[in-house]
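Visitor: Hi, I'm new to this one. Can you put it up and walk me through it?

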Amino acid sequence: VGAFTTFIFIARRTAPNSDNSTEVLTITDISEQLKVSYPTAARHCDLLSDGVRGKPGLQWIRKELLTDQRSRKVVLSETGMKMLTDTISSLHSTTKS
């Protein structure tokens, strides 16, 4: 549940706006705004991206280096966008039945 909450949080903030701009979101931002510890937010992001310690991740987000090289921003990946749109479509078709 925590990783999915983190995914939805990231998706809502990094999806392109009407002017095609996106919010820069770091793991620190996620930690502070979701009120979870930094290690918890980092673990959720690891699971949602490339994985950790030999365990594959979901590839729903990407972590990209910022210009200062000390922080990474997180963005929704193409795989994550597809999963999100498929889930929304599924929910819409379920509610119509």
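This is a predicted model: local features need pLDDT of at least 70, side-chain atom pairs count only at pLDDT 80 or more; totals for chains, interfaces and linings use all residues.

Visitor: How many residues does H4 have, and how far does it reach?

Guide: H4 covers residues 78-96, which is 19 residues. From first C-alpha to last it reaches 27 Å, close to the 27 Å expected.

Visitor: Let's switch to H1. Which residues are buried there?

Guide: Ala3, Thr6, Phe7, Phe9, Ile10, Ala11 and Thr14. The buried residues of H1 pack against H2, H3, strand E3 (61-65), E4 and H4.

Visitor: What does Ile10 touch?

Guide: Leaving aside residues up to four places away in sequence, Ile10 touches Ala15, Leu25, Ile30, Cys45, Leu48, Ile61, Val74, Val75 and Leu76.

Visitor: Which residues touch the most other members of the largest nonpolar core?

Guide: That core has 17 residues, and the ones touching the most other members are Phe7, Ile10, Ile30, Cys45, Ile61 and Val74. At least two core residues come from each of H1, helix H2 (27-34), helix H3 (38-48), E4 and H4.

Visitor: New topic: how many aromatic pairs are there?

Guide: The structure holds two. In one of them, the rings of Phe4 and Phe7 have centres 6.1 Å apart and planes at 40°, so the pair is tilted.

Visitor: Where do Phe4 and Phe7 sit relative to each other in H1?

Guide: They're three residues apart in the helix, separated by about one helical turn. Phe4 is partly exposed, with a relative accessible area of 40%, while Phe7 is buried at 0%.

Visitor: What about the rings of Phe7 and Trp60?

Guide: Their centres are 5.0 Å apart and their planes are at 55°, so that pair is tilted. It links distant parts of the chain, with Phe7 in helix H1 and Trp60 in the loop between strand E2 (55-56) and E3, 53 residues apart.

Visitor: Is Trp60 buried or exposed?

Guide: Trp60 counts as buried, at 17% relative accessibility. Together, Phe4, Phe7 and Trp60 form one aromatic cluster.

Terms used:
Residues are numbered from 1 along each chain as its sequence is written. Side-chain values use heavy atoms; hydrogens and water are left out. Helices (H or I, at least four residues) and strands (E, at least two) are DSSP runs, numbered from the N terminus. The expected span of a helix is 1.5 Å times one less than its number of residues. A nonpolar core is a set of buried Ala, Val, Leu, Ile, Met, Phe, Trp, Tyr and Cys residues joined through side-chain atoms within 4.5 Å. Buried means under 20% relative accessible area, exposed over 50%, partly exposed in between (1.4 Å probe, protein chains only). Contact means heavy atoms within 4.5 Å. Rings of Phe, Tyr and Trp (its six-membered ring) pair if their centres lie within 6.5 Å; planes under 30 degrees apart count as stacked, over 60 as edge-to-face and the rest as tilted.
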